[in-house]
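Please look through the structure shown here before reading the points. They go from the whole chain to single residues.

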Amino acid sequence: MSIRFVCLSSTGALLLLASSVMAAEKPHPPYPHYWMSIATSNQSIPGMSEQMAGMAARFGGRGAAFGPRRELLLQLETPRVVQEPKADHLIPPGQKMGERLPLVTPVQEKTDYRPERGEREKPEQIEKPKVRMLIYWGCGDTVPKGQPRVVDTATMSPAEFGRALAGRSASPQTPPLPRKGWTYADWPNADDRQDIPKDASLLGSHQVKGNYLPDISFALDQKRDFMVPVEFSTMNRTAAGAWQFQWKAIPTASAYFATAMGHNQKTGETIVWSASDVPETGFGLMGYLTNGDVQRFLKDRVIMPASRTNCTIPAGVFGEVEGVMLQFIAYGEELNIVHPPRPKDPKQPWNPQWSVKVRLKSTASSPLMAADGEQEDARRRPAKRSDGDDERQEPSSRPEKPAGGVLDGFKGLLGF
């Protein structure tokens, strides 16, 4: 009897403990979530001045994307539906965009169209694509042993090809989106999509007010202001064929990453390089990262620390490939606020009223080319004769490069 009593007592204790844990982990009622995605971008060509970028904008339209730009995406979702939703983000004076930005709920267009049975035809059999990629990684003058990694659809199944290309990816992030039973709003929108001034600042107090959510109040400090644009201070090709590039340090960056891609027209191969110290394509690392992701990828030597300001793409990676595009990103320190904060005592009840996430990045893209064409021309130019003769030289076997400077070959990109 005593043994049976002990067993029953132990079972009762376990049940009591389980019920306590379930009660402690009871999900909170849904509450509003507000996201600020803050980005700085800088698309450039080495040697292109602001005046040249302006000319490209006037002549080609697409040129307007050149030069530093500030971008802001505001997204709000709340578990309450009202007939006429209205909300605003009250901004600090330093943002220089008025007193508030309207958060507008997009109109959902309804359709009664339903495809009839048999309406969809069978898709035609798609021919297997032929893709061969060479993947390199790491900063340095020469290509390390064991590179490149070759990925080829001719010898791989689609699943094998996908696994070979798959690199590290950021932790899943689900920003506010339209969904049933919730009210969603965003900026920019159809009512307001004004450009952000170059000298705008987010420093100071922010408030989100509306008729379907509690007031949300928070402040942003220097770390959460628009990040400084990425600027390449040098970009040149060595005599051996390595590409050296250096960038100006970004004060609020927590880490950097770079990747480049080009296509060899002669061999039909696509070449991918990343600045990672370990094998990595970098396809999943060019967006916002959580603070945890940044620390994890720094530890794994995938991304570069904020103290780093230079890198070299090894000689032989791109060889004579032209049209190589360099992509660069600086990660900012994410801010997460939940109101009220979680109590230190886990026994105390906690009912969050709203949350705010602020995430930041600064990106840049630039073709690999010297800031002036002289370095590349010097690399290809035959040396002068040293026999005391005059400065006559043997004619080059290469076709003469047409005049026009660094913008030659990129007229299509600029749109004129």
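1. P148 sits in the loop between β5 (132-137) and β6 (149-152). The peptide bond between Q147 and P148 is cis, with omega about 0°. Helices (H or I, at least four residues) and strands (E, at least two) are DSSP runs, numbered from the N terminus.

2. This is a predicted model, in which local features need pLDDT of at least 70 and side-chain atom pairs count only at pLDDT 80 or more, while totals for chains, interfaces and linings use all residues. Residues are numbered from 1 along each chain as its sequence is written, and side-chain values use heavy atoms, with hydrogens and water left out.

3. P340 is in the loop between β17 (335-339) and β18 (354-367).

4. On the whole chain: the protein chain has six helices and 18 strands. Of its 416 residues, 38% count as buried (under 20% relative accessible area; exposed is over 50%, partly exposed in between; 1.4 Å probe, protein chains only).

5. Contacts are heavy atoms within 4.5 Å. Among those in the protein chain between residues at least 6 apart in sequence, 75% join residues at least 24 apart.

6. Where is K96 found? K96 lies in the loop between β3 (87-90) and β4 (100-103). Its phi is positive, near 55°, in a residue other than glycine. K96 counts as partly exposed because its relative accessibility is 49%.

7. R301 is not a glycine either, yet has a positive phi of about 65°. R301 belongs to the loop between α4 (291-299) and β14 (304-305).
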